[in-house]
Amino acid sequence: MSIIARLKDGDLLLRGEINERLPVIRDGLIAHFPFDGKGGSFDIIGGRQLIQHPTGDTNLFESMALNWREPNSWFATSGTIANMSWDEGKQALRIQGVNYLWLSTPIIVDTNKHYRFSFDIMQENDEASGGNYTRLYAGGYGFTKEGVKYTTNYDYSMASGVNLPLGEWVNYTKERYGADSYSSGWTSTNGLCNKFHFGCLFNYYGSANSVVYIRNLRVIITDTDDSNCTVTNDGIAVEDATTNIVTNTDLKTGWSTGYLTDIKYNDIAPPVGISSNVISFIDANDQSGYLYCYGNYAPQVPNTTYTVSMWIKTLDSNFRIKFYTADNSETGRYSSEYIKVPNDGKWHKIIWNSFLNPGDSQSDSLSFHFYFGNPQGDLQRTWFCCPQMEAKAFATLSVEGSRGYPLCELDPDLINIQNGAIAINFYWDGEKYSSTDKWMMITHSTSRSVDHESDKINICYHNTLGLSTRFSNINDSFHPSGWLDADIPKGWNSYIVTWGNGEYKQCLNGDIKSYTTTKLPQNNPVNFYLGSWNGNLSSSTGLQANMQLRNFSIYDKYLTDEQIKKLTASNLQFTKNGDIKVNEVNENPSIPIGAYYYPLSNDIYDKNKRNSAVSEDNVVYENGGAWVGTATTNYGDVGDITPYTGYSTFFQTGNRITRETINTNGYLVMRATSLYPEQGKTIAVSGYMRINGVPTDYKASSNSKISTYAGYNTIYMHSNPLTGYFEAVVQVDADASNGWLFHSATNAKEIGDIVTIDNLQIEEKPFNVPYAFGTRGTSHLEFNLHESIGLNWNGDWTISYWKKPIGTSTDNLTGYSIESIGCNSNSVGGGYAWWGKRTGVNSINRGSDYVLNPNDYFNKWQFITLVKEGINLTWSFYLDNGEKASETFDVSGIPSANHYVNQYGYDLKLGGWDNTSVCNTYFKDLIVAPTRALSSTEIDEIRNTFMRDKQSSVTIQNKIIEGATL
């Protein structure tokens with residue numbers, strides 16, 4: 001098994017689970033608002049909050065970048081943090097001896113807010129002498145906005161000289177308000193300074209053996225939220241004001257439940273950011289039900305466009321729901337389409353198509369009809385929350401009653417006008433943007449001058465020009481800067497802008513554009529808003545963002561192109577329930593001094609590095625590496641599939657096959673027209689399958705298989721439940737001649753179920769290779785290290801890389817699997833050498849054979865190094881199972897610096913030899929030190945750092961522990 005990730009202190013924040021909320025670029029980062037839930041509207045770098053209050057009942061200590069449970073998150077003005085340790089049993093910090101300890105990161109106090117501090121503390125023993133007793137002083141200390149410490153004493157307003165009872169937990173809670181003034185000494189009661197560090201004097205008058213424990217540190221803001229923003233796990237929604245015309249969102253008043261049974265209310269929590277009731281139920285007798293309301297609880301206006309939405313969660317395998325208006329006696333009833341709800345254990349915001357209420361409508365109600373896929377019983381359990389109907393052509397986030405215009409305002413002093421950067425992710429839905437509107441604001445800073453167009457930095461969208469940042473200064477107002485493409489893709493987008501020294505750059509989803517300008521602002525703004533124009537949307541129609549925002553970062557420096565690309569390509573995605581969905585866990589390497597790094601991946605910021613290859617013909621960048629392989633023909637291509645249509649309809653366009661179930665057996669049967677499964681053939685099949693848009697897991701059915709017809713050569717297999725990817729290899733025997741190749745149960749047994757297969761690949765190989773649309777030629781991955789980075793083949797040098805052999809040069813598992821430098825009959829430098837698996841045997845070779853088990857070699861990542869020092873060349877090979885082969889050779893005969901440069905223009909070839917022969921292998925993480933031999937310590941560091949999983953997706957629960965394997 002491979003190590004998923006090695007964790008370095010400071011890179012990942014561990015609190016019993018991964019809490020990686022900081023951007024990958026930290027240099028110059030002065031503020032970061034994750035907007036990933038209630039606590040995400042808090043600056044986890046500097047302790048600032050939004051001027052409004054969408055943080056809710058959020059413990060700000062838990063939202064900060066520090067971890068108060070870790071001793072290194074504290075500092076000592078007397079004593080030492082070495083006297084602190086975490087007690088897992090008590091879930092508390094243990095402090096021994098007399099220590100003045102304070103959290104290293106302050107809370108930035110908003111003078112208009114109220115803060116409630118609390119903690120629990122227990123004194124284990126009393127080691128005071130001379131008639132004294134061990135005492136507690138609790139509160140903190142702080143600085144002014146300018147960084148001046150308020151007093152020489154500390155604030156002990158929460159506890160002053162308290163003799164704690166031994167062995168008992170005691171709670172201290174105090175509500176405090178922000179104030180510019182600050183009382184000195186121990187008598188301060190309520191006031192807080194601008195930068196407040198929570199802390200205590202522990203074990204005062206005690207001895208070196210005195211022990212006290214502290215736990216459950218909390219600070220929350222108690223003020224009422226006035227932002228009109230909705231905070232969810234997926235971002236902060238800064239959306240248009242709206243009214244939910246459904247007045248009985250409690251799902252009790254006026255609702256008829258006669259078709260339902262086992263009804264429960266609030267048996268689970270509502271979606272994050274929603275405070276409405278939850279109703280759950282199963283069907284009363286069969287697989288069809290209603291939840292209807294024919295009272296006057298959703299009054300509608302004729303000839304008005306409405307959009308209906310509702311939060312739904314279900315255990316049912318095929319839950320489909322529609323809404324309809326009006327009761328049975330009213331005119332103008334409208335019935336929507338049915339929408340299927342995934343049964344993936346999550347809440348889903350179901351949004352139906354908007355509709356125009358008929359001109360003769362008398363409707364004043366909203367009702368729902370639904371079908372279940374499971375038989376009547378517990379597996380039908382379904383939950384509804386917050387039905388919403390609003391007079392708009394699109395849906396906004398749910399609300400009970402009305403929501404006013406949103407206001408999401410930041411401290412303007414965060415923005416450094418001279419040099420800086422802003423990075424933000426935003427969810428774009430073109431349906432929420434009217435073509436008649438001119439502007440849509442993502443951020444807006446207002447000026448300090450009377451002229452409102454002066455001294456500002458605005459990120460905005462224009463309906464004809466596109467997306468851009470507008471800069472202006474007091475000497476030249478209204479300067480529309482360069483514009484990016486107006487065709488923004490639906491979904492989450494990354495936008496970064498950086499400025500300084502008369503230049504600025506902007507980047508949308510990895511596309512960087514650079515500009516020069518004399519119109520950068522000269523003064524800091526007085527206000528800075530997210531998602532609105534001056535925070536006054538009621539008089540600025542169309543200037544709201546109407547979108548969700550997250551990962552808002554501010555830098556005080558001009559970012560490089562490399563930093564921008566890394567920010568764009570951030571590849572960790574976390575959920576908030578303790579589970580982490582990771583497409584790829586990468587630890588950025590510490591490249592040895594003087595070495596060059598070629599990631600050989602498809603990351604957006606790796607392209608410039610990987611293009612140092614002199615040839616990458618037909619190389620495929622996927623699965624975290626570069627695929628080098630023989631030519632292939634995909635018989636699953638357009639026009640080559642013969643389907644059996646007795647079970648389903650069949651339609652193929654591009655790289656997608658779509659079928660609709662017409663027979664409850666649920667089978668998908670087809671064959672490749674040009675590739676009959678004749679005796680002796682070995683055929684590989686792969687693709688991505690989804691049922692009704694959801695990835696399917698073949699393990700759910702014991703009949704799921706890839707086989708020839710009548711059960712011969714059956715390969716039972718399953719797909720990745722997160723991606724729907726499946727693969728199998730079928731060897732054909734005599735009995736299956738000319739039968740159906742693909743004979744698979746899909747679990748799509750409901751009439752009307754839609755099955756899609758993307759990137760179907762059928763090829764005559766004993767292994768699966770990357771998808772090819774039609775045919776793909778032979779791949780070549782070649783480098784001229786002598787010319788590109790000055791590698792002197794006669795001097796000292798090091799080459800290391802990872803490889804994952806899938807097949808060999810002969811399209812099976814018995815040929816060569818090698819890499820090489822130079823070539824046969826080299827007419828330029830004269831040199832040639834190769835290393836790797838020899839043909840016809842299960843051994844790897846450089847000088848002598850090392851016998852290997854094919855199961856430990858194929859489909860496993862392996863680490864290879866070549867280190868030349870003086871006249872010695874050491875070749876080392878590390879298998880995934882920990883085995884190692886190593887051999888040293890005398891290479892004193894290398895005559896020249898270009899000894900391995902050949903007539904084909906390269907000196908290093910990954911995955912083959914000469915100009916024609918290639919193997920079927922993935923490569924990644926090539927590191928070359930062109931002028932020195934790396935030490936064994938440096939080699940080990942490279943190997944340990946890059947031992948990471950490169951599968952398409954993994955799910956890690958609770959935490960990652962250094963050294964742990966999956």
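The backbone oxygen of Arg932 lies 3.1 Å from a polar atom of the Thr798 side chain, a polar contact in the sense of a pair of N or O atoms within 3.5 Å, where within protein one must be able to donate a hydrogen and the other to accept it, and where residues adjacent in sequence count only if both atoms are side-chain atoms. The structure is a predicted model, in which local features need pLDDT of at least 70 and side-chain atom pairs count only at pLDDT 80 or more, while totals for chains, interfaces and linings use all residues. Residues are numbered from 1 along each chain as its sequence is written, and side-chain values use heavy atoms, with hydrogens and water left out.

Thr798 belongs to strand β58 (residues 797–805); helices (H or I, at least four residues) and strands (E, at least two) are DSSP runs numbered from the N terminus. With a relative accessible area of 1%, Thr798 is buried. Buried denotes under 20% relative accessible area, exposed over 50%, and partly exposed the range in between (1.4 Å probe, protein chains only). Not counting residues up to four places away in sequence, Thr798 touches Leu866, Val867, Ile927, Val928, Ala929, Arg932, Ala933, Leu934 and Ile939, a contact being heavy atoms within 4.5 Å.

Asn203, in strand β12 (residues 195–204), is likewise buried, at 2% relative accessibility. A polar atom of the Asn203 side chain lies 2.8 Å from the backbone oxygen of Gly97, and a distance of 3.4 Å separates a polar atom of that side chain from the backbone oxygen of Ile95. Beyond four places in sequence, the residues touched by Asn203 include Gln96, Val98, Gln123, Thr134 and Arg135.

Asn244 sits in the loop between β16 (242–243) and β17 (260–265) and is buried, with a relative accessible area of 3%. The backbone oxygen of Val399 is 3.0 Å from a polar atom of the Asn244 side chain. The C-alpha atoms of Asn244 and Glu400 are separated by 6.3 Å, although the two residues are 156 apart along the chain. Among the residues that Asn244 touches beyond four places in sequence are Cys386, Pro387, Gln388, Met389 and Gly401.

**Salt bridges**

A salt bridge is taken as a side-chain nitrogen of Lys or Arg within 4 Å of a carboxyl oxygen of Asp or Glu. The count comes to 12 salt bridges, including the following.

| Asp27 | Lys557 | 2.7 Å |

In the salt bridge of Asp27 and Lys557, Asp27 lies in the segment before β1 (29–33) and Lys557 in the loop between β38 (547–555) and α2 (561–568), so the pair ties together parts that are 530 residues apart in sequence. Asp27 is partly exposed, with a relative accessible area of 46%, and Lys557 is partly exposed at 25%. Glu175 is partly exposed at 35%, and Arg116 is partly exposed at 33%. Asp925 and Lys924, by contrast, are both buried.

**Nonpolar cores**

In soluble globular proteins, nonpolar side chains tend to be buried together. A nonpolar core is a set of buried Ala, Val, Leu, Ile, Met, Phe, Trp, Tyr and Cys residues joined through side-chain atoms within 4.5 Å. The largest core has 40 residues, and those with the most contacts inside it are Leu600, Leu781, Phe783, Leu785, Tyr801 and Leu926. Apart from it lies another core of 35 residues, among them Met64, Trp68, Phe196 and Phe202. Beyond four places in sequence, Tyr801 touches residues that include Trp835, Phe863, Ile864, Lys924, Asp925 and Leu926.

**Strand β47**

Strand β47 pairs with strand β55 (residues 754–763) in the antiparallel sense over five bridges, pairing being assigned if DSSP finds at least two bridges between two strands. Thr658 stands opposite Thr756 in β55.

**Confidence**

The predictor's confidence in each residue is given as pLDDT, from 0 to 100. The protein chain has a mean pLDDT of 77, and 74% of its residues reach 70 or more. Confidence is highest in strand β26 (residues 382–390), at 97, and lowest in strand β70 (residues 954–957), at a mean of 34. Over residues 948–966 pLDDT stays under 50, and the model has 62 contacts beyond four places in sequence for them.
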